[in-house]
Amino acid sequence: MDRVLGEGRFLKLVRTAQGWEYAERTRGTGAVMMFAATEDGRVVLVEEFRPPVGCSCICFPAGLKGDVEVGEAAADSARRELLEEAGYEAEEMRFLFTGPSSPGMTSETVDFFLAQGLRKVSAGGGVENERITVHEVPLDGVDAWLEARMQAGAMVDPRVYTGLYFLSERG
């Protein structure tokens with residue numbers, strides 16, 4: 001039987017009967033990430049300071065599913081998070097796959113979507129205490145842009161490269 005070692009507002013630390021320790025969210029039912037690019041070939045990325053790593057991180061728009069409305073469908077969470085974080089609505093939110101976010105450390109899984117038919121409707125930037133910067137980077141220059149951001153001290157979420165693969169395959 002699993003044992004809760006500690007619990008905060010957003011996370012709890014769990015130990016399994018076999019001794020493995022991992023983090024679990026206290027609210028929400030997982031996460032969503034949206035691989036998004038505009039029709040004219042600009043990749044939609046977000047940047048936010050992340051205290052655990054002590055620097056800004058570049059990622060595709062993402063967030064928790066089910067943290068606003070219990071039972072919220074993953075595609076609805078994806079649409080909501082894309083709008084909140086990046087200020088875009090998507091004509092189509094195509095489900096790609098589900099995968100673990102960090103399988104050695106957390107039980108959280110992420111549902112990945114390809115956001116298509118984007119329309120800019122607001123500035124984005126997140127909600128409440130989020131301070132998200134939205135970047136629209138030409139797909140043909142994204143590698144150099146990411147390298148420049150890393151040289152400036154930001155970290156790039158490795159899932160960005162997965163998203164770039166799916167966006168280039170969409171072609």
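Predicted model: local features only at pLDDT ≥ 70, side-chain atom pairs only at ≥ 80, totals over all residues.
**Entry 1: Glu128**

Is Glu128 buried or exposed? Glu128 has a relative accessible area of 78%, so I noted it as exposed; the cut-off for exposed is over 50%. Glu128 sits in the loop between β9 (109–120) and β10. Then I checked its backbone. Most residues other than glycine have a negative phi. Glu128 is not a glycine, yet its phi is positive, about 45°.

**Entry 2: His135**

Next I followed the chain into β10. This strand covers residues 133–138, and His135 is part of it. His135 has 16% relative accessibility, so I wrote it down as buried. The cut-off here is under 20%. What does the side chain of His135 make a polar contact with? I found the side chain of Glu47, at 2.7 Å. I also listed what His135 touches, leaving out residues up to four places away in sequence. The list reads Val43, Val44, Leu45, Glu47 and Trp145.

**Entry 3: Aromatic rings**

How many aromatic pairs does the structure hold? I counted seven. I opened the pair of Phe35 and Phe60. Their ring centres are 5.2 Å apart and their planes meet at 70°, so I call the pair edge-to-face. Phe35 lies in strand β4 (residues 31–36), while Phe60 lies in the loop between β6 (55–59) and β7 (62–64). The pair therefore ties together parts that are 25 residues apart in sequence. Both Phe35 and Phe60 are buried.

I then took Tyr165 and Phe166. Their ring centres lie 5.3 Å apart with the planes at 80°, so this pair is edge-to-face too. Tyr165 is partly exposed, at 47% relative accessibility. Phe166 is also partly exposed, with a relative accessible area of 23%. Ring pairs link Phe35, Phe60, Phe97, Phe112, Tyr165 and Phe166 into a cluster.

**Entry 4: The whole protein**

Last, I stepped back. I found three helices and eleven strands. Along the sequence they follow the pattern β-β-β-β-β-β-β-α-β-β-β-α-β-α. The C-alpha trace spans about 50 × 35 × 30 Å along its principal axes. The radius of gyration is 17 Å; a compact globule of 171 residues would have one near 16 Å, so the two agree. Buried residues make up 39% of the 171 residues. I also checked contacts between residues at least 6 apart in sequence: 59% of them join residues at least 24 apart. The protein exposes about 9,500 Å², and carbon and sulfur atoms supply 52% of that.

Definitions and conventions. Residues numbered from 1 in each chain as written. Heavy atoms only, no water. Helix = DSSP H or I, 4+ residues; strand = E, 2+ residues; numbered from the N terminus. Buried < 20%, exposed > 50% of the residue type's maximum accessible area, 1.4 Å probe, protein only. Polar contact = N/O pair within 3.5 Å; in protein donor to acceptor, adjacent residues only side chain to side chain. Contact = heavy atoms within 4.5 Å. Phe/Tyr/Trp six-rings, centres within 6.5 Å; stacked < 30°, edge-to-face > 60°. Rg over C-alpha atoms; globule rule 2.2 N^0.38 Å. Areas by Shrake-Rupley, 256 points an atom, 1.4 Å probe, with all protein chains shown as cover.
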